[in-house]
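Please keep the sequence and the 3D view at hand while reading.

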Amino acid sequence: MHNLRARRWANVAAVYAFLLLLSIVFMGPFVFAFLSSLKDNPTEWPPSLLINQLRPVNWGASYRLAKQGGGNGFLGGMGPGGSIEFEVTYWTPEGQEPAPPEVVIPRRVQGAPPRRWP
Amino acid sequence: MKRLSIALVVVLLVACAASAQHIRIGGFGGNDTVIVEEMIELFVRPALEGTGITVQYEPISDDFQRYIVNALSAGTAPDLFYMDIFWAGSLIRSGVVEPLDEYFAKSEVLKPEYFIPSLVEAFTYEGKIYGVPKDFNTLAVFYNKDLFDYAGVEYPSNDDTWDTFYAKLEKVAAIDPNIYGLALQPEFARFGALAYAAGFTPFNADGKTDLFDPAFVEAFKWYTGMAETGVGVMPQDISQGWGGGALASEQVAVALEGAWMVGAIKGDAPNMQYGTALMPKHPQTGQRGNLIFTVAWGMNAASPNKEAAFKVMEILTSEEVQQWVLERGLAIPSRQALADNPYFQQDHAEAQANYTVFLGASDGNVLPFHFGEYGGEWMDPINQALSAVMSKQATVEEALREAQAQLDALMGR
Amino acid sequence: MRRASSKVGEKLAPYVLLAPFLFTLIVFFGYAFVRVVYFSFTTYDLFSKPEWVGLKNYVNIFRDLDFTRAMKNSLTFMVVVTTAQTIIALLLALLLNQKVRGIRFFRAAYYMPSVASSVVVTLIFIWFFQRRGVLNFVITKFKEYQAIILLFLFAAAAIHIVLVVWEKLRRRPVSVFEPSFMFLGVLIGFIVAFGAVRFGFLVPREVPPVDIIWFNTTKTWPDFLGSLAFPIPLGAIMLFNIWTTAPTFMLLYLAGLQDIPRELYEAAAVDGAEGWHIILHIIAPQLKPITFLVVTMGLIGTLQMFDQVAILGSQAPRSSVITLAYYIYSNLFPSSAVPRVGMASAAAMFLALLTFIIVYAQRKVLGEEGENA
C-alpha cells in the first residue's frame, strides 16, 4: 500500500516536471521577449535575464534621484536650483592627480527630424 | 416644398463641387505627416486663399510604393504624390505620371533649371521631366570625434583617399578588440558609393551587369576585407540593425550614412561629438563615388485638376518652403539657389553634416539610387554576396560568381 | 393557388437565407477567381490593357528559376511541417489529456503560440535567430556545460538501471520505466553533477560563441540528402511554424480524445492492454477523422505559407525561403518594377491545382472514413 502511494506520487512529479519543461518551450520566448522589451538594448549580447529596470534597488535610487532633481519622486525631471548627488568611481594611473569629473547634461533638441533611410 | 428644397441643396452642392478644386496629396506617414501638414498650414493655404483650391494631405504609413501602384491602377490615387527615385521609373514607364514640361513652360516660378541637375536628370525619361525633386540625400563619412581623439588619429577629411582613410580606421580599431573603425552594412546602398568611386557602373554598354569588372572587385575586396581584419564590423555582429546604430553605440568610429544620421544621433546618442567628411577618393581614379537618394513630387496623369495640382506643386517646391525645411534641419533642399545658404555655413555639426551631404551630390561619380526595371531585385544578390563574405561563409570569388549567376538569371528573364 | 405560391416560397427560402453569404462568395471569391483565370492567359501590368498570350505565362513560370525553387521549398516545407506538427500535436494532446491538478493552466500556456499574432511571433523568432541572438547563446551555453550535462544524464541513467536490475534480480514485478526510480535517478544525478562542479572536478569549458547563421545563408541541411536537403533559413521557418501551429491542432486532438468513450478504455484494461497498445488500437483509430482534418488543414496551410517569408524580407536570401505564395506576391508587387499580373495569376492557378491534387491524394490514402470529419 505504501509502495503504491509512493509510486503514484513519483508518477505525478514526473508528469509535472515534464509539463513544466514543455511550458518553457511554449511560453519561454514570450516571457523572454517581454522581459527584453524592458531593457535599454533588447539585443544585448550576451543576453541576460537580470534587468536593471526590474530591480527594486534601482527603483529606490531613481526615486531619490528624481526627488533631488525635480522635487517629485514619481515624475522626475530636472528643476532649476536642484542639487543632485553624483557618485562615480574611476581609476587614474599611479602618480597622476585625479581630475574631478565634470558632468554635462545634454540638451535634448525638440522634434527629431524624419528618420527615414534607405 | 420639401422636395424642392432637397433639389435646391443638390444643385448647390453640384455648383460648389464645380468651382472648388480639391487637391489630394499622398506621401509617407510618420514624421512626414507632421511636416507636410505644417507646411500646408504655413505656406500652401495662405497662398491659395481665394482661388477655391483646397488641399489635403493623405499620409500612408504602410508600404507606400504598393499603395501608389494600387491606387493609380484603381483610379483612386491622389493628385500629387511622393515618388521615390528607387521605384519612380516603373510608374513613369507605365504612363500614369503626368509629364511636366508643358507646365514648366507656362509657369513663372517653377523651372527645372532651378534644381540641381543630377536630381532632375534622375526623374527624366525619354526627354521628359516627370517629377520635381523635393529633397535629397547622399552618403557622407560620419565619425565619432572622441574615438579618433582617443586613438590620437587625425579626423577623416575631405582629402582622404581609400588608403589614408583605411590607415586612420586601422589605428582607431587598434584601441581595443571591441572598437571598430567602420560600420560595414552589407548593402549596396552603402557599398555602391565605393564601387562607383572605383569606376563601376551598374549596367555596361550592353545593359548587362558585370560583377567581375575590376573596379567592382577592387571595391568589394576593400570593403569586405575590413571585416576580415577587424578594422570594420557588420552592424549585425554588434547587435545593431544598421550602420547608424553602430555609430551611435560608440563601438564603431565611422559610418557611411546620409543626413538622416543627424536625427538618429540626436535621438540615440545626444552626447556624441561627431563630424562629417566627404566620401574618400579612390587612390587611382582620384574620384569619389556617391548614391543619390531622392524623392520627387509627381502628378497623377488621371487627375481631374492638373492645373490646380501644379499650382500646389509650385508652392511645395518654392524657395521659401525649402528654406523653412532646411532651417528646421529636416531635409536637404533640391534648389541650386540654396547652395550658399547661410544655414550651411553655421559652426555646428548638424549644419556641417547637411552641407557635406549636399556637396556629395555633385562631386565625382554620382548615380541615382535606382536600377532600371530590376529595382531591388538587382541589389539582392550583391547584398547577399557582401554578407556571405563578411560572415565568412564564402570567399570573394565564390560569392561573386553566385551573385553574377543570379543577376544573369534575373536579366535573362 | 395558395399552395403553389407557398411551395415556391419554400423553395426560394433557402436561397434568400443564403443570399448574403452567396453574395460575398460570388463577389469576392467567384469574381476574383474568374479574373485570375483570365489574367493567367494575358500579360497585364495593372495599367495597360490585358493582352491575350495563351499559355505563355504557364510556360514561362516553369522556365523561371525562382518558381522551381519556390515549388521545391513549398513541397519540402509541406512534408516536413505537416508531419512534424501532426505528431507533436498528438503527443501534446495525450500529455494534456491527463487528469492532474492545474492542467488547465498548461493547456492555456501551450496554446499561447497559436493565439499570438503570426507577425509578432515571426518578429520574436527573427530576433532569436540572429547571429548574436538567443538561440546561438543557448547553444553556446549548452556547449560550455556539455560535460556537466552529460555527467548528469549518465549518473541519472546509471542509477535508474542499477535500481531496475536490482529489483528484477529479486524477481519483483517492476516496469523498465519505473517513475519512482527515474525520479531518484534524476535527483542523485543532479547531486553528483552539482558536486562535481562545486568541488572543481568539472568546470564549464571555454568555447567561442556559436556563430550559426540561420537566415543570411544559402547553405542547405542535412548534407546527406543531396539535392533534397532544405535551405537552412527555410529550416528556421519550419521550426517556428511548427511551434505556432502544433498547439492549434493539439486543441483539435484534445477535443477528439475527450470524445472517446470511457468504456473503450475500460474494455481494453479488462483485456490487459497497456501503454502503446491503447494508443495504437484505441486512440489512433478513434482519432482518425481528426487526423484527416489536421492533415488536410496542415497541407493547405503549409502550401499557402506566406507571412513568415514576407516578414523575414531581405534578411534571408530570396532563393532560400521563397515559397509559391510568396512567388505569387513578389510577381504582383515586385520591388520597384512593373507588376507582372499574368505570371502571378498563372502561378496562383498552379498553386490552387497543386493544393487540390495533394489534398485529393491524401484523402485517397487516409481512406474514406475521413468523410465523417
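## Domains and overall form of chain C

The C-alpha centres of domain 1 of chain C and domain 2 of chain C lie 38 Å apart. In this model, which is predicted, domain 1 of chain C is made of two stretches, 57-115 + 220-372, while domain 2 covers 146-198. The secondary structure of chain C amounts to 16 helices and four strands.

The C-alpha trace of chain C spans about 85 × 65 × 35 Å along its principal axes, and the radius of gyration of chain C is 28 Å, whereas a compact globule of 373 residues would have one near 21 Å. Of the 373 residues in chain C, 32% are buried. When contacts in chain C between residues at least 6 apart in sequence are considered, 71% of them join residues at least 24 apart.

Chain C touches chain A through 18 of its residues, which are in contact with 20 residues of chain A. On the side of chain C that touches chain A, the elements giving two or more residues are α4 (103-115), α5 (118-128), α6 (134-144) and α8 (179-198) of chain C, and the largest share, five residues, comes from α4(C). Sorted by class, this side of chain C has 15 nonpolar, two polar and one charged residues.

The contact between chain C and chain B takes 21 residues from chain C and 28 residues from chain B. Here the side of chain C that touches chain B divides into ten nonpolar, six polar and five charged residues.

## The two domains of chain B

Chain B is also assigned two domains, with domain 1 covering 18-138 + 293-345 and domain 2 covering 140-291 + 372-412. Taken over C-alpha atoms, the centres of these two domains of chain B are separated by 31 Å. Nine residues of domain 1 of chain B are in contact with ten residues of domain 2 of chain B. Helix α4 (residues 85-93) of chain B gives the most to the domain 1 side of this contact, with four residues, and by class that side has four nonpolar, five polar and no charged residues.

## Nonpolar cores

The largest nonpolar core has 136 residues, of which B:F142, B:V252, B:V254, B:V312 and B:M313 touch the most other members. Helix α16 (residues 376-390) of chain B gives the most to this core, with eight residues. Because domain 1 (18-138 + 293-345) and domain 2 (140-291 + 372-412) of chain B both give residues to this core, it lies between them.

Once its neighbours within four places in sequence are left aside, B:V312 is in contact with B:I23, B:V44, B:I53, B:V55 and B:L80.

## An open sheet in chain B

Five strands of chain B form an open sheet with mixed pairing, in the order β9-β8-β10-β7-β11. The edge strands are β9 (232-233) and β11 (274-277) of chain B, each of which pairs on one side only. Strand β8 (residues 180-183) of chain B runs parallel to β9(B) and is joined to it by two bridges, with B:L182 standing opposite B:G232 in β9(B).

Leaving aside its neighbours within four places in sequence, B:V233 is in contact with B:Y180, B:A183, B:L184, B:A227, B:I238 and B:V252.

Strand β7 (residues 140-144) of chain B is largely enclosed by the rest of the structure, because five of its five residues are buried. B:A140, B:F142 and B:N144 point one way from β7(B), and B:V141 and B:Y143 point the other way. Four bridges join β7(B) to strand β10 (residues 252-257) of chain B in an antiparallel pairing, where B:F142 stands opposite B:A255. β7(B) also pairs with β11(B) in the antiparallel sense over four bridges, and there B:Y143 stands opposite B:G275.

Key
Residues are numbered from 1 along each chain as its sequence is written. Chains are lettered from A and ligands numbered from 1 in the order in which they are written. This is a predicted model: local features need pLDDT of at least 70, side-chain atom pairs count only at pLDDT 80 or more; totals for chains, interfaces and linings use all residues. Two residues are in contact if their C-beta atoms, placed from the backbone, lie within 7 Å. Ala, Val, Leu, Ile, Met, Phe, Trp, Tyr, Cys and Pro count as nonpolar, Asp, Glu, Lys and Arg as charged, and the others, Gly among them, as polar. Domain bounds come from an automatic or database domain assignment. The radius of gyration is taken over C-alpha atoms; the globule rule is 2.2 Å times the number of residues to the power 0.38. A residue is buried if 20 or more other C-beta atoms lie within 10 Å of its own, exposed if 12 or fewer, and partly exposed in between; C-beta atoms are placed from the backbone. A nonpolar core is a set of buried Ala, Val, Leu, Ile, Met, Phe, Trp, Tyr and Cys residues joined through C-beta atoms within 7 Å. Two strands pair if DSSP finds at least two bridges between them.
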